[in-house]
Amino acid sequence: MSDTSPIGPVDSSRVPRFAGFATFARLPRIDQVEHADVAVAGVPFDSGVSYRPGARFGPAALREASRLLRPYHPGLDVSPFATAQVVDAGDIAVNPFNIGEAIKTLQHEAETLTAQGTRLVTIGGDHTIALPLLRAAAKRHGPVALLHFDAHLDTWDTYFGEPYTHGTPFRRASEEGILDTSALSHVGTRGPLYGKRDLEEDRRLGFGIVTSGDVLRRGVAETVDALRQRIGDRPLYVSIDIDVLDPAHAPGTGTPEAGGMTSRELLEILRGLRGLNLIGGDVVELAPAYDHAEITAVAASHVAYDLVSLLALGKNA
C-alpha cells in the first residue's frame, strides 16, 4: 500500500454527483497520483461478440452509474479508498477491427499497469478481454485460480472457425497453461447448450460448475464455503460476466439467459471471498443500449466496487 494517505473520491456532499469528471466512483485519475494500489481500467471493445454488440459502451455506462457509490462499504467493513490508493486508469484503446492485435495490446497495457504492483480491475467490453488479462496476471503470479461468474461456460473451441471470441477465452487460457486447473470454477451457469459434450469438454479442462440453480438450492453460505475450499491460498482472478445475473437484474447485456442469480446473491458471494489471495478481476458484457433505467449499469458498478474493496482489504484481511 502507499506510504502517504490516499487521495479519495470527490465529496458528494459538497459537489453534486451529476457534476465533475466521470471517473469510476469519482476517484482521481492515475496521472494525479504517484502510485496506485488498485486501478480501474476500461476496455471499450466488443468485436468478439456472437450476438448483440454494444459492450464497447460498457465502461462509460459503468462509470456513470458509479457516481452513486459511497466511500464506506458496510458489508465488508472497509473504506477502500482510504485503505488503498484507488484510481481510474482511463480506457485502454485497442483495435476494434483486429481481435488478435487488440488482445496483444491489452496484454501489454495490463502488464504495464501492474508492473509496479498495482492490482487491476478491468471493466469491459466483451469477455474476449479476459484472455489477455489472464495472460498478464499469470506472467506476474504464475498459473492462477479462476472464479468465473457467467451464464455461459466460455470454454468453446471456436465460433465460425475463429479461436478468439467472447465464448472461447477460458479454453485458450487452459490450453496455454496460465490457469491452475486444480482451482477452476464457473458460478451461475444455466441455459441451453449445443450438446452434452460441452459439459464433458469443460470438465476435461478442469472446471467445476455451480449453476444458478445450485446457488438457489444451496444458498450463499454453502456456495461460498465450497468455493473457498477449492481456491485455497492460490492467487485468484475473478472474471464476472454481468449476464450471470437474471435479465430482471441485468437486461443490458449481449446474451441474456433466463433463470439467473440476483444481484444480492452475486454481491454476497463476492463478499464471502474476503481474505483470499485475490490478484485482479474484471466485469464485462455490460451493453447499455439494452439497459433500462441503468439497472444493469448500477449492478455492474456495485460488482466492480466489491472487487475494488476486496483488493483494498488484501489477503487474509
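Modeller: Helices (H or I, at least four residues) and strands (E, at least two) are DSSP runs, numbered from the N terminus. The model is predicted.

Colleague: Glutamate 294 is found in the loop between which two elements?

Modeller: Phi of glutamate 294 is near 60 degrees, a positive value in a residue other than glycine. The loop that holds glutamate 294 runs between strand E8 (278-284) and H10.

Colleague: Is glutamate 294 buried, partly exposed or exposed?

Modeller: Buried means under 20% relative accessible area and exposed means over 50%, with partly exposed in between. Glutamate 294 has 40% relative accessibility, so this residue counts as partly exposed.

Colleague: Aspartate 154 has a positive phi too. What is its relative accessible area?

Modeller: Phi of aspartate 154 is about 55 degrees, although the residue is not a glycine. Aspartate 154 lies in the loop between E4 and helix H5 (169-175). The residue is buried, and its relative accessible area is 4%.

Colleague: Which peptide bond is cis?

Modeller: The bond has omega near 20 degrees. Its second residue, glycine 125, is placed in the loop between strand E3 (119-124) and helix H4 (130-141). The cis bond is the one from glycine 124 to glycine 125.

Colleague: How many residues of strand E5 are buried?

Modeller: E5 covers residues 179-189 and is mostly covered. Of its 11 residues, the number buried is nine.

Colleague: Which residue in E5 is the bridge partner of histidine 148?

Modeller: E4 and E5 pair in the parallel sense, over five bridges. In the E5 strand, histidine 148 has as its bridge partner histidine 186.

Colleague: Through which helix does the chain cross from E4 to E5, and with what hand?

Modeller: The path is a β-α-β crossover from E4 to E5. The helix on the way is H5, and the crossover is right-handed.

Colleague: On the E6 side, which residue is the bridge partner of serine 185?

Modeller: E5 and strand E6 (residues 207-211) run parallel and are joined by five bridges. The chain reaches E6 from E5 through helix H6 (residues 196-204), in a right-handed β-α-β crossover. In E6, the partner of serine 185 is glycine 208.

Colleague: Against which elements do the buried residues of H9 pack?

Modeller: In helix H9 (residues 263-271), the buried residues are Glu265, Leu266, Leu267, Ile269 and Leu270. They pack against strands E4 (144-149) and E7 (236-241), and against helices H7 (212-218), H8 (220-231) and H10 (295-313).

Technical notes
Residues are numbered from 1 along each chain as its sequence is written. This is a predicted model: local features need pLDDT of at least 70, side-chain atom pairs count only at pLDDT 80 or more; totals for chains, interfaces and linings use all residues. Side-chain values use heavy atoms; hydrogens and water are left out. Buried means under 20% relative accessible area, exposed over 50%, partly exposed in between (1.4 Å probe, protein chains only). Contact means heavy atoms within 4.5 Å. Two strands pair if DSSP finds at least two bridges between them. A crossover is right-handed if, with the strands pointing away from the viewer, the path from the first strand over the helix to the second runs clockwise.
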